[in-house]
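The text below walks through the pockets of one protein model. Look at the sequence and the structure before reading on.

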Amino acid sequence: MHPPPRPGPTGRSDVRVRRAQPGDEAAVARVQLVTWRTAYRALMPAEVLDAWDEQAAADAWAEAIGAPPGPDHGVLVAVESDDVVGVAAFAPAGTPDDQPAAELTTLLVEPRWGRRGHGSRLLAAVADLAGERGVRTLLSWVPEADEVTAGFLQSAGWAPDGWARDLDAGTVTIRQLRWHTRLDDERDDDRGAP
């Protein structure tokens, strides 16, 4: 498999976000593999990243795309020209106050396509879809050491909500913090506030 061509100058390509379709799974798995190996090299054990089974990941994405567990689950892709360059996935989430919530389970943009607005477009599309379904809060678990994702979410109006958990990643434990944002309607004065 050949990697997609290097991106051209900003503004000269067709860029968009769409629902993932059957057939996108290999590209989504590639985005996940490249992004994790680049961005999470310092966070995750090398043996986990190096032993990545791209076909197993593609099979899991094929199921998430083609047979999601329910209507409140979804996978979106960012596309530049004809190349899938980013992915976002979301699912229902419970909250202590029983308000309708969704979890942003994945938000990845292949690093060489970064800083072109793909992450922002994916995040906005998830918020729009969730809001249409009555969701009032979006949540996401972020590794505590992942300053890039934390900074991105903070710039989009998200904040940590005080919850934390430990993720067993084989030979290391990864501390994750839960981030959140509100999706109240435009009449609500605290739109985007924690």
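Helices (H or I, at least four residues) and strands (E, at least two) are taken as DSSP runs, numbered from the N terminus. The model is predicted, so local features need pLDDT of at least 70 and side-chain atom pairs count only at pLDDT 80 or more, while totals for chains, interfaces and linings use all residues. Residues are numbered from 1 along each chain as its sequence is written, and side-chain values use heavy atoms, with hydrogens and water left out.

A pocket is an open set of points, on a 1 Å grid over the protein atoms alone, where a 1.4 Å probe fits, with protein on both sides within 12 Å along at least five of seven lines; lining residues have an atom within 4 Å of a point. Volume is the space filled by probe spheres set on the points, which are joined across faces, edges and corners.

The largest pocket holds about 710 Å³ of space. Among its 24 lining residues, Val109, Gly114, Val148, Thr149 and Phe152 lie nearest the centre. At least two lining residues come from each of α1 (25-39), β4 (101-109), α4 (118-132) and α5 (147-155), and α5 gives the most, four.

The second largest pocket has a volume of about 550 Å³. Its lining has 24 residues, with Trp36, Tyr40, Thr105, Trp141 and Gln176 nearest the centre. Here β4 gives the most, six residues; α1, β5 (137-143), α5, β6 (159-168) and β7 (173-182) each supply at least two.
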